[in-house]
Amino acid sequence: MNRTTIRATLAMTAIASLSLTACGGDEEGGGDGGGPIKLGVIADLTGATGDVGKPYNEGMMAYIEHVNSEGGIEGRKIEAMSNDYAYEVPKAEELYKQYLNDDVVAIQGWGTGDTEALHGRVASDKLPFMSGSFAESLTDPGEAPYNFVVAPTYSDQMRIALNWIADDAGGDAQVAVLHHDSPFGQAPVEDGKKWIDEKGLGLGYQSYAMPAGSANYVGVLQQAKSQGAKYVVIQNVASPAAQVAKDIKAQGLDMKVVCLNWCSNEGFITTAGDAAEGHMMVQPFAPMSAGKDGHKEITEAVDGADGKSVAWVQGWAVMDVMAQGMEKVIKDGNELTGENIKAALESMGEIDTKGLIGDGTVQFSEDSHRGSDSAGVYQVKDGKLAEVTAGATP
């Protein structure tokens, strides 16, 4: 996509939520009059996953601000209404109703619980919906026809992690899965167990919910030790995962952490400190340290981009994929509606992310809304995410 053809303007609302307001053009909306493109954003800025939700939202809004300043999507600015739902599903449902009344043409959401709760409504209302959730159930157009998952599902990430563990162990090994006690946390657990059986990986496998607000996870780790676990896969955000790494070091346990998407980030490293060294990360989105082509564009567009987290990059990249679908609709001379954005995303073939997602491309079809099944495998070395394998697949 020629990103010099997209632009947006960022403004703060009186309630401290981010929003973008168009300047000039047709003020009747983003559907068909050549005016601003109305987008609803459901963000977790202060809730249970706010440590990654906030930078994700900032990256998304920075993308919109940048592309608006460069000309808008074929001359049409993005008017993004972004509000904090604090990881509370009822609040997300309220915001969705508000955005529907505001005539948005698409939604950018966040968590698994709210994304799954809304998938039937967005299908009925024909509103394309992308989010920070990569639950496998959202990739099936038969079940969630207007949801698009741009990166490997949590289950694919788990499969990649288990493949790596099987290779690293060189034989039988015990795996403990520590997960957030929510639909997000539970999403890949059963699929991981099935993968071990299907592929004959010879791995033991038990899962443990991580109690919210725990000062430490020594008790859970003692259960994993009793299991004989040498590998700990974590499906959670950075702060609790970092505490697990600290507890492993403090207890002198012989365990290696393998983080999935939402704890595979700089927050894990910063919070865990020395305890982070050597642990593994399955991360579909390339951190700034990976130096992909897409990072060059970010550094040219955003001051201080080198210090942005991978969660920030993720928000930028997800918005870019949606914007490319919108651009195709307008270039094809079609009315910018949710139905036409869906059709464009399904038919445009490989979407170039310049190395920011998986192997660098995302592709949807009428039969599958699984945009990618590849992720990078990283190791924490000298306080940074060092790429071990690019574009690993199940």
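**Close-up 1. Cover over the buried residues of helix α12 in this predicted model.** What covers the buried residues of α12 includes β6 (129-130), α11 (310-331) and β12 (351-352), where helices (H or I, at least four residues) and strands (E, at least two) are DSSP runs numbered from the N terminus. Within α12 (residues 338-347), the buried residues are Gly338, Ile341, Lys342, Ala344, Leu345 and Glu346, buried being under 20% relative accessible area with a 1.4 Å probe and protein chains only. After α12 comes Gly349, which has a positive phi near 70°. Residues are numbered from 1 along each chain as its sequence is written. Because the model is predicted, local features need pLDDT of at least 70 and side-chain atom pairs count only at pLDDT 80 or more, while totals for chains, interfaces and linings use all residues, and side-chain values use heavy atoms, with hydrogens and water left out.

**Close-up 2. The largest pocket and its lining.** A pocket is an open set of points on a 1 Å grid over the protein atoms alone, where a 1.4 Å probe fits, with protein on both sides within 12 Å along at least five of seven lines, and its lining residues have an atom within 4 Å of a point. The largest pocket has 14 lining residues, and those nearest its centre are His180, Ala212, Gly213, Asn236 and Pro240.

**Close-up 3. The lining of the second largest pocket.** Thirteen residues line the second largest pocket, with Glu266, Ser289, Asp306, Lys308 and Lys384 the closest to its centre. Two or more lining residues come from each of α9 (266-272) and β15 (384-392), and α9 gives the largest share, 3 residues.

Terms used
Buried < 20%, exposed > 50% of the residue type's maximum accessible area, 1.4 Å probe, protein only. Contact = heavy atoms within 4.5 Å.
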